[in-house]
Every structure is written in C-alpha cells, then in structure tokens.
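Below are some notes to read alongside the structure. Please go through them with the sequence open.

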Amino acid sequence: MNFTRDDVRTIFGQMDLLIKFSTELLIDLKKCLPEFVRRRATDGKDVSSILKVLSEEQATRMCFEIASVFIKYTPFMLFYTTYANNFATSQATLRRLRRQDPFKKWLFDQRIRSDELGLSDFLIKPVQRLLRYKLLLRDMQKLTDAFHEDYDELSLAILKLDVV
C-alpha cells in the first residue's frame with residue numbers, strides 16, 4: 001500500500017484525543033448512575049428497564065449530575081468541532097487511497113472483520129456522538145418541568161453544547 005503518515009493524520013485527525021476524552025466522559029457519566037444501576041451496567045446488562053423504576057429523587061439527582069458533567073466537559077468538546085471540520089478532507093483522502101488495489105483490499109478485509117461496517121462508518125461516529133449528546137439533553141429537558149431545579153442546569157448544558 002502506498003500511503004503516508006500525513007494520509008493517516010488526515011484520515012484520523014484527532015481521534016486519539018477523542019478516544020481519551022470519550023473514555024473520561026463515560027467514566028464521569030457512569031458515576032451519575034445510582035449504585036445499583038451502575039453495578040448492572042458493569043455486568044454488561046441492559047439498564048433501560050431499571051432506569052424506569054428510579055424514584056423521583058434518584059431521577060432528579062441523576063438528571064442534574066448528567067447535565068453538570070456535560071457542562072464540565074463542554075470546553076473539551078471543541079475536539080469534535082475540529083474533527084468534524086476535517087471530516088470532508090478525511091473522506092477525500094480515503095477516496096483517493098481507495099483507487100489503490102492493495103488499500104481497497106485491506107479496507108474490504110477490515111469490513112468483513114467489523115460486522116460489515118466500513119472505515120467511513122467508524123469515522124463518522126464521533127460527529128454523530130456530539131449530535132446524540134445534544135439530543136439526549138434536549139429529551140431530558142422536555143421531560144423536566146420548567147420550574148424544576150434541574151431545568152436551568154439542563155438549559156445551560158444545552159446552550160454550551162450548541163456553541164460547540
């Protein structure tokens with residue numbers, strides 16, 4: 001295969017920073033879950049049914065803590081903006097490299113090993129993740145009374161994410 005370090009940097013951008021950031025964010029978000037939910041999540045079990053039976057106090061605390069985590073991490077989410085701004089260039093580099101048979105074969109082999117997801121499918125995930133964060137917070141806000149103490153925290157988190 002004939003590609004350079006610059007090609008790799010162009011394709012993956014700041015992926016290493018995004019991975020580190022996402023790992024830290026996940027750790028802090030898990031801390032927002034009540035202990036019994038966290039234990040179940042650690043076991044790899046689906047927690048959505050458990051979340052439905054949280055007391056109002058537990059749900060309120062969790063909602064506030066999740067919003068606080070996003071407020072804390074928003075300044076670091078600028079990595080997503082840089083990554084997203086580079087995405088078109090990344091895809092153009094991939095298209096250029098796909099013209100080379102060895103690279104095309106390598107991509108095909110990787111696709112088989114990854115449940116038929118191509119490299120482009122993986123590269124778009126960080127861009128989609130940022131949008132999902134915004135949707136999650138907006139959904140939480142819709143379910144929160146405007147006079148509830150969590151509403152302002154959620155509004156601030158959404159406002160900060162909208163800037164990113």
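1. Buried means under 20% relative accessible area, exposed means over 50%, and partly exposed lies in between (1.4 Å probe, protein chains only). At 12% relative accessibility, Asp28 counts as buried.

2. This is a predicted model, in which local features need pLDDT of at least 70, side-chain atom pairs count only at pLDDT 80 or more, and totals for chains, interfaces and linings use all residues. Residues are numbered from 1 along each chain as its sequence is written, and side-chain values use heavy atoms, with hydrogens and water left out.

3. A salt bridge here is a side-chain nitrogen of Lys or Arg within 4 Å of a carboxyl oxygen of Asp or Glu. The whole structure has 10 salt bridges. One of them joins the side chains of Lys31 and Asp28, at 3.5 Å from N to O. Both residues lie in helix H2 (residues 15-31), three residues apart, or about one turn of the helix. Helices are DSSP runs of H or I with at least four residues, numbered from the N terminus.

4. Which helix of Asp162 and which of Arg138 does their salt bridge tie together? The closest N and O atoms of Asp162 and Arg138 are 2.6 Å apart. Asp162 lies in helix H9 (residues 149-163) and Arg138 in helix H8, so the pair links parts that are 24 residues apart in sequence. Asp162 is partly exposed, with a relative accessible area of 39%; Arg138 is also partly exposed, at 30%. Elsewhere, salt bridges that share partners join Asp28, Lys31 and Lys72 into one network.

5. Asp6 and Arg9 form a salt bridge through their side chains (2.7 Å, N to O). They are three residues apart in helix H1 (residues 5-12), so about one helical turn separates them. Asp6 is partly exposed at 46% relative accessibility, whereas Arg9 is exposed at 52%.

6. Helix H6 (residues 78-98) and helix H8 (residues 119-142) have axes that come within 10 Å and cross at roughly 165°. Axes are lines fitted to C-alpha atoms, for helices over the stretch in contact, and angles run from 0 to 180 degrees between N-to-C directions. H6 is therefore roughly antiparallel to H8, a label for angles over 145 degrees. Residues in the contact (heavy atoms within 4.5 Å) include Tyr80 and Phe87 of H6 and Leu123 and Tyr133 of H8.

7. Thr74 lies in the loop between helix H5 (56-73) and H6. Thr74 is buried, with a relative accessible area of 6%. Not counting residues up to four places away in sequence, Thr74 touches Lys160, Leu161 and Val164.

Definitions and conventions:
Helix = DSSP H or I, 4+ residues; strand = E, 2+ residues; numbered from the N terminus. Parallel < 35°, antiparallel > 145°, perpendicular 65-115°, else oblique.
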